[in-house]
Amino acid sequence: MEGLITICLLISTLMLFRIRRTLDAVGIICVQSLALAFVSLIIWSKTGLVHLLIAGVLTFIVKAILIPAVLYFTIKKTGNKKKIEHSLGQMSAVFIAFLLVMIGQYIAAKLQLPTAEYGEQYLSTAIVLIFLGIFKIINSKQVLLQGIGVIVIENGLFLITQAISYGMPLVVELGIFFDLFVAVIIIASLSFKISSTFNSLNTEKMQDLRG
């Protein structure tokens, strides 16, 4: 089961560099969040730690339902149905993404970080998610996709805490979930403003504001 989850996380993140519509990215984030919720629930079933159960439920509610709903609403209202714009071509982006996967796996093996008994198998995947999230931000020209890159990075950090120490204290987890949801709301608000001003979500259009 754990192997299937890690494969799901890696493939779903790599698919972010193959998609042609922003709505598809929202669906991928939803799938990724469901996989993370399962990670928390699986480790909870093995350890009995209640905060992991709460983290799994919150991941499902906030990341798999609320955040995708906000992003979906934003896309519909801004009419962002045009072809996704990237800094690099699709083949180049996919090649770099696969390269980052290999680098992440190599770094995870070399770092030899202390891991929890039931979380060791998720460490390399977590590092890869952080790398791919950063690359998604760099490669994307649209503000919503850059926001999705931020979510991928946060998912990687969430998975690292699961791998190393079975998550963070509940108060910290609640704060992170709240901060992430507020960040998505801010991204949505900025998207509405950019779309109404430039009739596009391409951040390069903002260069027109320079005097």
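Trainee: Not counting residues up to four places away in sequence, which residues does Ser124 touch?

Mentor: Good place to start, and keep in mind that this is a predicted model. Ser124 sits in helix α5, which covers residues 123-139. Leaving out residues up to four places away in sequence, the residues that Ser124 touches are Gln105 and Ala108.

Trainee: With which side chain does the side chain of Ser124 make a polar contact?

Mentor: Begin with the setting: Ser124 has 16% relative accessibility, so Ser124 counts as buried. The polar contact spans 3.3 Å. The partner of the Ser124 side chain is the side chain of Gln105.

Trainee: Let's step back to the whole protein chain. How many helices does it have?

Mentor: Reading from the N terminus, the elements run α-α-α-α-α-α-α. There are zero strands. The count of helices is seven.

Trainee: What share of the residues in the protein chain is buried?

Mentor: A residue is called buried when its relative accessible area is under 20%. The protein chain has 211 residues, and the buried share of them is 48%.

Trainee: Now for charges. How many salt bridges does a search of the whole structure find?

Mentor: Side chains of opposite charge can pair when their charged atoms come close. One of the pairs here is Arg21 with Asp24, at 3.1 Å from N to O. Another is Lys63 with Glu154, whose closest N and O atoms are 2.4 Å apart. The search of the whole structure gives a total of two.

Trainee: How many residues apart in sequence are the parts tied together by Lys63 and Glu154?

Mentor: These two residues form a salt bridge. Lys63 belongs to helix α3 and Glu154 to helix α6 (residues 143-165), so the parts that the pair ties together have a sequence separation of 91 residues.

Trainee: Is Lys63 buried or exposed?

Mentor: Glu154, its salt-bridge partner, counts as buried at 13% relative accessibility. Lys63 has a relative accessible area of 1%, so the class of Lys63 is buried.

Trainee: What distance does α2 reach from its first C-alpha to its last?

Mentor: α2 has 26 residues, and at 1.5 Å a residue the expected reach is 38 Å. Just after α2 comes Gly48, with a positive phi of about 80 degrees. The reach of α2 itself is close to the expected value, at 38 Å.

Trainee: One last thing: how far apart in space are Phe95 and Phe17, C-alpha to C-alpha?

Mentor: Phe95 is in helix α4 (residues 90-111) and is exposed because its relative accessible area is 57%. In sequence, Phe95 and Phe17 are separated by 78 residues. In space, C-alpha to C-alpha, their separation is 9.7 Å.

Definitions and conventions: Residues are numbered from 1 along each chain as its sequence is written. This is a predicted model: local features need pLDDT of at least 70, side-chain atom pairs count only at pLDDT 80 or more; totals for chains, interfaces and linings use all residues. Side-chain values use heavy atoms; hydrogens and water are left out. Helices (H or I, at least four residues) and strands (E, at least two) are DSSP runs, numbered from the N terminus. Buried means under 20% relative accessible area, exposed over 50%, partly exposed in between (1.4 Å probe, protein chains only). A polar contact is a pair of N or O atoms within 3.5 Å; within protein, one must be able to donate a hydrogen and the other to accept it, and residues adjacent in sequence count only if both atoms are side-chain atoms. Contact means heavy atoms within 4.5 Å. The expected span of a helix is 1.5 Å times one less than its number of residues. A salt bridge is a side-chain nitrogen of Lys or Arg within 4 Å of a carboxyl oxygen of Asp or Glu.
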